[in-house]
Amino acid sequence: MIASNVKLDDGTVIHHPDLVNLYGCTIGAGTRIGTFVEIQKNVLIGKNCKISSHSFLCEGVTLEDGVFIGHGVMFTNDTYPRAVNPDGSLQTEADWIVIPTLVKRHASIGSNATILPGVTIGEAAQVGAGAVVTKDVSDGAIVAGVPARMIGRIDDTPVDMHSSGGMR
């Protein structure tokens with residue numbers, strides 16, 4: 001489902017529009033969105049991003065231009081989620097505050113990574129598959145693991161990601 005309040009810029013490609021859930025979000029020109037992706041209200045996605053299948057972008061997430069999101073990436077926006085208040089009443093939007101997350105331009109997040117709320121992933125940074133990002137990632141850093149830790153840096157020259165080059 002693509003709700004009527006979604007802003008899609010020119011050239012946005014949604015491969016299977018009947019198999020996504022998009023509402024209240026803004027998606028930049030040239031961005032491609034895979035199957036079974038959910039993008040919630042107030043999410044801002046820049047130009048020429050790629051969001052792979054089965055990913056979840058919750059309210060409070062901003063992706064700058066040229067960001068890659070691998071398969072099954074999960075963003076969160078609440079550090080201490082609860083279904084009910086202390087009195088047992090069901091929580092509503094009034095009972096919590098969205099904690100924003102920023103992914104800067106040209107960053108890449110590997111499949112099945114989990115991004116905790118309130119972090120910034122730096123420009124051209126790379127998050128390894130399966131990582132759990134609990135704190136900010138600096139520009140050009142390569143992080144992996146649980147919790148994610150820096151294991152290298154992206155070189156300033158073009159990187160062949162299939163070789164061992166590109167880290168210093």
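Modeller: Asn112 is exposed, with a relative accessible area of 54% (buried means under 20% relative accessible area, exposed over 50%, and partly exposed in between, with a 1.4 Å probe and protein chains only). Its phi is near 60°, which is a positive value in a residue other than glycine. Asn112 sits in the loop between strand 14 (108-109) and strand 15 (114-115); strands are DSSP runs of E with at least two residues, helices are runs of H or I with at least four, and both are numbered from the N terminus.

The model is predicted, so local features need pLDDT of at least 70 and side-chain atom pairs count only at pLDDT 80 or more, while totals for chains, interfaces and linings use all residues. Residues are numbered from 1 along each chain as its sequence is written, and side-chain values use heavy atoms, leaving out hydrogens and water.

Strand 14, at one end of the Asn112 loop, belongs to an open sheet of 8 strands in the order 2-5-8-11-14-17-19-20, with mixed pairing. The edges are strand 2 (13-14) and strand 20 (149-153), each of which pairs on one side only. Two strands pair if DSSP finds at least two bridges between them. Strand 5 (residues 32-33) and strand 8 (residues 50-51), for instance, are parallel and share 2 bridges; Ile33 has Ile51 as its bridge partner in strand 8.

A second residue other than glycine with positive phi is His54, where the value is near 65°. His54 lies in the loop between strand 8 and strand 9 (56-57) and is partly exposed, at 45% relative accessible area. His54 is also one of the contacts of Thr35, a residue in the loop between strand 5 and strand 6 (38-39). Thr35 counts as buried, at 15% relative accessibility. Leaving aside neighbours within four places in sequence, Thr35 also touches His16, Leu19 and Ser53; contact means heavy atoms within 4.5 Å.

The peptide bond from Val146 to Pro147 is cis, with omega near -10°.

The structure holds 3 salt bridges, a salt bridge being a side-chain nitrogen of Lys or Arg within 4 Å of a carboxyl oxygen of Asp or Glu. In one of them, Lys41 and Glu93 have their closest N and O atoms 2.8 Å apart. Lys41 lies in the loop between strand 6 and strand 7 (44-45) and Glu93 in the loop between strand 12 (74-75) and strand 13 (101-103), so the pair ties together parts 52 residues apart in sequence. Lys41 is partly exposed at 25%, whereas Glu93 is exposed at 53%.

Arg105 forms a salt bridge with Glu123, again with 2.8 Å between the closest N and O atoms. Arg105 is in the loop between strand 13 and strand 14 and Glu123 in the loop between strand 16 (120-121) and strand 17 (126-127), 18 residues apart.

As for confidence, the protein averages a pLDDT of 92, and 92% of the residues score at least 70; pLDDT is the predictor's confidence in each residue, from 0 to 100. Over residues 156-168 pLDDT stays under 50, and the model has 15 contacts beyond four places in sequence for them. Where pLDDT is low, the predicted coordinates should not be read in detail.
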